[in-house]
Every structure is written in structure tokens, then in C-alpha cells.
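Subject: Structure handover

Hello,

Here is the structure you asked to look at. My notes follow below it.

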Amino acid sequence: MGIIDVDNLPYPDGDFYAFEDLLTDKERDRLHEIRAWLAAEVKPHAADWWNAGEFPHHMIPKIAELDVMSPVYRQGYSNLFAGLCHAEMTRADTSFATFMGVHDGLFTGSIEALASEEQKAAWLPDIYAMKKIGAFGLTEPLGGSDVAGGTRTTARREGDNWILNGEKRWIGNATFSDWVVIYARDLEDNQVKGFLVDTKTPGYTATKIENKIALRTVQNADIVLDNVVVSDDFHLKGANSFRDTNKVLKVTRLAVAWQAVGQQMAAFDVARKYAVERKQFGKPLASFQLVQEQLVKILGNTVASLGMMVRLAQLEDLGQAKDEQSALAKAFTTARMRESVALGRSILGGNGIVTDYGMAKIFADAEAIYSYEGTYEINTLVTGRAITGVAAFV
């Protein structure tokens, strides 16, 4: 058997069906630039950050200089380009992609979609420049999938101010963010409204959630709001019901589905490289039929997930994408991802459970992607309601 050149494997970008060719030349060049930056600045350090459970704050100015904020709304790129970028971020490090998904997607997306023009003009420049880092406060200790109708955090109007009380949980970036968008139920009309809260405001506290087995670099926090006073100027003028909030979630659900694509790309990268390097019975693992079958299964899952996301991105560009299509994408791609990372871990054997070889982190982080931005079960039921006209929710 000839020597395998592990540095020059076929299909190095994993794009088996050449989906990148659908991008414009400008977009493709920019994607390659971002991919190279991630390979140099993020991927080599990701396991160390993850093992330590610490966020690399020194990276924020470098990310700002890369200028990847709001590629569609601000920079005019296609949704396909934005999705492939998010997949590449996840491919390099899921925690990095999640940090960006919170700051650029959930937080900034809330401002872009729900703030008034005056509020956008005042807030977005510092957000885009990453001089102000944001978080998104929706999930609660007793409210996850049912938070739409069960938000316990309250907002009470007093003159020109609002008084916020309640708790939030699993809020990414919240231990160090400058601002957080808090969604709270207005006691007067029982509608969920959005507020931009300065994290230095008296009565606001954020405590890091410890002992995670996934996304350890991401600083998730429990938030307590104890009579936090917010001026009405910081009430997002377009955020007056959960229907408004869902405009943001529809888009970020797609971003998480793109993360599932990137996670599978990462699993394929690590598993294939290991298979051609590792020898068993005097031959590379890659020479065994069952290992090739596993690698092809990972690739097939990735291509299927990517194909679905490419079409959905095109529908987004046309303004035709529907909530149920986002729900199906999130459910399908994360289910395929779960299978793919399990196969990748299997190929690495015992080396698949230590972060030294890359796969253990990929395997563990997949569980977070599977759960956040709508669980598999909830997204399945959203899709089921769309195709039957019957709601199966409790």
C-alpha cells in the first residue's frame, strides 16, 4: 500500500457537491479569508480554552478587525454566505461560533429587527465595532420550550421607566457582556416585551454556570433581576409581543442548523485524518471497509444537511422562508449531526474521549447544539403542525 499524503487529502474543504460554487466570487474569496483566519487564530487554541472553561477576551479586538458582524443586514451578503461562514466558525470551534451567534445573532438581531430607527442609530455602531458585547435573555430556570406563554420575568411601567424582576438561565456571554436584551412580561397587558439593559444597572447580577460538559468556553450565566430600573428609551419599540420575539428566533434557529453542518464538517475532518494516519494490523484504518462506510455516512449526513440549508438560505434571500421550514432544518440537521459525531468518536476509539485528538470536544459540544434554539422534539412538533394543521403540543 502506497504512502498516504495526509496533508493533501481529496476534497480538503469537505464540500463534496461544490455548494461553495453558488457563492459570488467576492463571497467565495471572503469565505476563504475567514476560513484561513479561523485556522490560524481559533482552531489551534480552541481545546485549551475549552479545557480551561475560560473565554479568550483578548480575541474580541481581533474578531472586530476581521469585521464579520451582521453580514446580511449590514454588509449586504447573501444568506448562503452568512450560513457558510457560521458553519466555518463552528468547524473551527463550536464555542467561538456560539459566542458569535449570541452577540451577532440573538443580541444584535434583536436590535436590528425590533429597535426603532433612532435606537438602532444610537446602539448599533458600538455593537458592530464590538465595543459593546451583548447577550440575549429569554430562557428562564422554569421556562425553556414553553417560555412563549410562560415568561415569568415581569416588567412594570412606572412613569418613564420600567421595573424588571425575575430570573434568566443559560444566558451566553452574560458574565462579561456590556448589554443584555431582556424579554419580560408586561404586567399591564400580559405581553412579552424587550428591553436593552446595561449590565452595570443596580439589581442586575449574573453568575456563571459551572460544571458543563459542552461549550465550556462559552460563559453561560444565571441572571437575577431585582427591581432593575430601565428607561422607556431602552424599551425596544418593536418588541411588544412574543410574536415579535419570534422574528429573531426564526433567523437564529437557522444559524444553529448551520452550526450542525459545521459540526459535522469538523467531525469529518478529524475522523478522516485520523483514519488515514492511524494504523491497525499494519494498515491504515482508512483501508478497512467498515471504517470507510462510517466516513461515508458522516459525509452523506453532512451533504444532506448542507443541501437543505443551501435551499433554505436561498428562500431566505427571496423572503419566502417559513417558520416551519426553519424548524424542520434545525431538527433534521441536528439529528444527523448527533449520528455523525458518534460515528466520528467511534472511529477514534479510546482517543475519541480525550480532547487531545479533537473529536471529544466535537462530540460533547454537539449535545448543546442539539438542545438550544428549540429542542428536536419541539421543532418536530412545529413542523408536524404545519403539515397536518393539528397542534400536538401539550
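Predicted model: local features only at pLDDT ≥ 70, side-chain atom pairs only at ≥ 80, totals over all residues.

Is Lys-273 buried, exposed or partly exposed? At 38% relative accessibility, Lys-273 counts as partly exposed (buried is under 20% relative accessible area, exposed is over 50%, and partly exposed is in between, with a 1.4 Å probe and protein chains only).

Residues are numbered from 1 along each chain as its sequence is written, and side-chain values use heavy atoms, without hydrogens and water.

Salt bridges

The structure holds 23 salt bridges (a side-chain nitrogen of Lys or Arg within 4 Å of a carboxyl oxygen of Asp or Glu). Lys-273 pairs with Glu-277 in one of them, with the closest N and O atoms 2.8 Å apart. Both belong to helix H8 (residues 242-277), and because they are 4 residues apart, about one helical turn separates them. Helices here are DSSP runs of H or I with at least four residues, strands are runs of E with at least two, and both are numbered from the N terminus. Glu-277 is also partly exposed, at 40%.

Glu-339 and Arg-336 form another salt bridge, at 3.8 Å from N to O. They sit 3 residues apart in helix H10 (residues 323-348), again about one helical turn. An α-helix has 3.6 residues a turn, so residues three or four places apart point the same way.

The salt bridge between Lys-193 and Asp-186 has its closest N and O atoms 3.1 Å apart. Here Lys-193 is buried, with a relative accessible area of 7%, and Asp-186 is buried at 5%.

Helix H6

Helix H6 has 12 residues (117-128); at 1.5 Å a residue it should span 16 Å, and its end C-alpha atoms are 16 Å apart, which agrees (the expected span is 1.5 Å times one less than the number of residues). Its buried residues are Gln-119, Lys-120, Trp-123, Leu-124, Ile-127 and Tyr-128. They cover an arc of only 125° around the axis, so they lie on the same side of H6; the arc is taken from the directions from the helix axis to the C-beta atoms. The face turned away from this buried side carries the exposed residues Glu-118, Ala-121 and Ala-122. Just after H6, Met-130 has a positive phi of about 60°.

Regards
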